[in-house]
Every structure is written in structure tokens, then in C-alpha cells.
Amino acid sequence: MSFDYNTTRSHLILSEYGRNVQNMVKYICELPTIEERNKYAQAVIDLMGFLQPHLRDVADFKHKLWDHLHIISGYQIDVDSPYPKPLIENAYIKPAPLAYPQQRITYKHYGKTVENLIEKAMREENPENKKAMVQGIANFMKMAYVTWNKDNVSDDTIIKDLKYLSGGLLSLDEGVNLAKVEFRAQNPRQNNNNNNRGRSNNNNNGKNRQNNNNNNRQRNNKPKY
């Protein structure tokens, strides 16, 4: 008796499509006419799109499917592809490493985005637009502060930080109230008390029902004269 193990099978090139798709592509490569190969290749492309529905959210997902078809065939399939055939040399090109950003962030809980917004607001020439931008930036700073510091923050702190980050060029009008943002820590004791209160109510309800049933039995069993 002979057993068929994965270790004895041919290498699975793109495992996300499975071995059946790879066998189909191999079968297409052996067809004698270009018409037959085109016909079956289109059917396999439709099947591959069905097996990988997330590719529909990718730009040019059809192009990606045809590239995968060529890759599965070992770049040997001869079909009329609507897209340029991928080159095997490109499969061995290593992408350049991504450089880690070396920018200094003054207040990390605000992030670099806030500093970019402040620079853009400083370059704004329209007074009305500039005023609206400063108000929005201050509200975002308050939200970011509460998100990372887990504590409530006063408007004076945000105004002070905004003035420091802008070098004193941006400020809010007097009496302006920022959006109300609060951090409320969840109290586990309160949740336990609520759960215990619910259990006690259920127990009391059960005891009341039992007492009522006992009283009813006593009335029914009482002798009548």
C-alpha cells in the first residue's frame, strides 16, 4: 500500500489557491491549441477570484490574478493575457529597506500630525480659515491628550501647549471653550456590585415565589368543616 504525502508531491507555489488550482494550470499548459488554453485560463481566473475575494478591494485585482496565474505555471503558460506577462527576474528583486523616521516630536502624546497641522495653520493667510483651523487643532490636541494620558485636561494646558508648539504665533480667543472630553475609568467594584445586586434580586424573587407556593399548599390542605 502506497500513501500520498505532501512531502512527496510537487512544490505548492501559491498555497492560498490550493493544489487543485495548480493542477488545473498545469493541465492548461499542456493543451495543444491557444483557443483551448485561453478558454480554460479564463475559467481558472474566475475561480481564483472566487477563492480570494479580498483581492476585489485591491486596485487592478484582475491584473494581480493574471500575474498569479503566470507565477503558478512557473512562467510557462502560453495564453493571450490582457496584461503584460510578468518577468521572472522581478521575483528575485529585493525591495529597498524602509528608513525609520528620524523626526523629533516635541510632545509625543500629540504626535507629528499636530505639528504638521500647526505649520499649515501658520501659513494660512485667510483670518477666518486660520481661526477655524486653530480651533480644530486645539480640540484635536485635547482629545489626543486624554487618549494617551488617561486623565482630564484643562483648556489652559492645551492653549499653553499650542502657543509653545507654534512659537507664540497661534492662540485662541479669550473665553473660547474647547470640546468637552473626559476619560472615565471603569470601576470593577461597581460592576461587581451591580452583578451581585442582580443576583440578590433574583434570589429574593425565587424565595418569594417559593413562599407563595408554600402558602397556597397550606390553604389547599386546610380541612373544611
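Predicted model: local features only at pLDDT ≥ 70, side-chain atom pairs only at ≥ 80, totals over all residues.
Local features require pLDDT of at least 70 and side-chain atom pairs pLDDT 80 or more, while totals for chains, interfaces and linings use all residues. Residues are numbered from 1 along each chain as its sequence is written, and side-chain values use heavy atoms, without hydrogens and water.

Helix 5 covers residues 127-149. Helices are DSSP runs (H or I, at least four residues), numbered from the N terminus. The expected span of a helix is 1.5 Å times one less than its number of residues. For the 23 residues of helix 5 this gives 33 Å, and the end C-alpha atoms are 33 Å apart, in agreement. A side-chain oxygen of Asn126 lies within 3.0 Å of the backbone nitrogen of Glu128, at the start of helix 5. Buried residues (under 20% relative accessible area, 1.4 Å probe, protein chains only) of helix 5 include Val134, Ile137, Met141 and Tyr145. The buried residues pack against helix 4 (111-123) and helix 6 (155-165); contact means heavy atoms within 4.5 Å.

Helix 3 (residues 61-72) has 12 residues. Its first and last C-alpha atoms are 16 Å apart, close to the expected 16 Å. Among its buried residues are Phe61, Leu65, Trp66 and Leu69. Helix 1 (18-29) and helix 2 (34-51) are included in what covers the buried residues of helix 3.

Just after helix 3, Gly74 takes a positive phi of about 70 degrees. Tyr75 is not a glycine, yet has a positive phi of about 60 degrees. Tyr75 sits in the loop between helix 3 and helix 4. Tyr75 is buried, at 16% relative accessible area.

Key
Helix = DSSP H or I, 4+ residues; strand = E, 2+ residues; numbered from the N terminus. Buried < 20%, exposed > 50% of the residue type's maximum accessible area, 1.4 Å probe, protein only. Polar contact = N/O pair within 3.5 Å; in protein donor to acceptor, adjacent residues only side chain to side chain.
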